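Student: Before we look at any particular part, could you take me through this model step by step, with the cut-offs stated as we go?

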Amino acid sequence: MAEPTENEPGTDSSPRPSIPFVRDAGIAGGAVVLFLLVRIMAIAHWDWPVASDVADSINFSDAVGAVLGTLFARPTVTAIVIMFILPLSVVEFVWCLLDKNPRIIGRVLFVVFLGTATTALILTFHMWWLLIGATALGAVLTLMRIFWKHGYRRQSIVGLLRATGVLAIIAALAMSTLIDTPWMLHEQIETDQETLDGYVIETPSGFLKVLVDDPREVRILNSSDVVSRVIIDE
């Protein structure tokens, strides 16, 4: 019997996403959820009721703010991570380009993201050691990739470069565990009865939901009781 053609009824000719794309999307989604969970637990100082109150006040759209807030919270830690991840990403991107790998858009965006962060850290904090370290490591990786063409050495360097995305996820999760600074603005909130240092995590109608610094807990304040709110410089 003849095979159905694209014009025959019942034939689905629409393009289907490749398995690698679906797999990568699933991994990215799972990593974001895990990152948010760990980040919430860290800023709650691993206190379950406090973490529950914080989680109740955020949504999935806060993921971008959580990620960027983690990067901005500890510039030195971020610079150390970038110093290792950036050269891996650049070398892996170049070899994918030479191999004409079709899955290259994500790599381009990741390299641009890391390059932008590196530029900002250097211009703001004069972290020239970041540029020197990343350049030196990139040169070593390039030489290894060029000269290690056979045997276990080649498998090792190729495997390391291919694991760049996984290493980046592990680094992000490690940072989310160690950094307990919330991604919201740090404020001093003065009320009729007291003065609090903390982070406003939600503003429901007529109230402020505040994550207090010490002790780390969630307080709900009546907006009419708030006298002033001042941003605290870290």
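Predicted model: local features only at pLDDT ≥ 70, side-chain atom pairs only at ≥ 80, totals over all residues.

Tutor: Residues are numbered from 1 along each chain as its sequence is written, and side-chain values use heavy atoms, with hydrogens and water left out.

Student: In what order do the elements of the protein run from the N terminus on?
Tutor: Helices (DSSP runs of H or I, at least four residues) and strands (runs of E, at least two) are numbered from the N terminus. The protein has eight helices and five strands. Written from the N terminus, the order is α-α-α-α-α-α-α-α-β-β-β-β-β.

Student: What percentage of the 234 residues of the protein count as buried?
Tutor: Buried means under 20% relative accessible area, exposed means over 50%, and partly exposed lies in between, with a 1.4 Å probe and protein chains only. Among the 234 residues of the protein, the buried share is 32%.

Student: Which residues of H3 are buried, and why do they line one face of the helix?
Tutor: The buried residues in H3 are Ala63, Ala66, Gly69 and Thr70. Seen down the axis of H3, they fall within an arc of 130°, so they line one face of the helix; the arc is that of the directions from the helix axis to the C-beta atoms. On the other side of H3, the exposed residues are Val64 and Phe72.

Student: Which residues make the nonpolar surface patch of about 410 Å²?
Tutor: Accessible areas come from the Shrake-Rupley method with a 1.4 Å probe, and for residues only the protein chains shown count as cover. Helix H3 (residues 63-73) gives the most to the patch, with three residues. The patch of about 410 Å² is made by Val64, Leu68, Phe72 and Phe113.

Student: Is glutamate 92 buried or exposed, and which side chain does its own side chain join in a polar contact of 3.0 Å?
Tutor: Glutamate 92 lies in helix H4 (residues 75-98) and is buried, because its relative accessible area is 11%. Not counting residues up to four places away in sequence, glutamate 92 touches Arg107, Leu161, Arg162 and Thr164, where contact means heavy atoms within 4.5 Å. A polar contact is a pair of N or O atoms within 3.5 Å; within protein, one must be able to donate a hydrogen and the other to accept it, and residues adjacent in sequence count only if both atoms are side-chain atoms. The side chain joined to that of glutamate 92 at 3.0 Å belongs to arginine 107.

Student: Which two residues does a cis peptide bond join?
Tutor: Most residues other than glycine have a negative phi, and most peptide bonds are trans. In the loop between strand S3 (207-212) and strand S4 (217-222) lies proline 215. With omega at about -5°, the cis bond joins aspartate 214 and proline 215.

Student: What is phi of histidine 45?
Tutor: Histidine 45 lies in the loop between helix H1 (19-43) and H2, and counts as partly exposed because its relative accessibility is 39%. Its phi is positive although histidine 45 is not a glycine, with a value near 55°.

Definitions and conventions
Patch = residues over 30% accessible without salt bridge, like charges linked within 9 Å, V, L, I, M, F, W, Y side chains within 5 Å. Salt bridge = Lys/Arg side-chain N within 4 Å of Asp/Glu carboxyl O.
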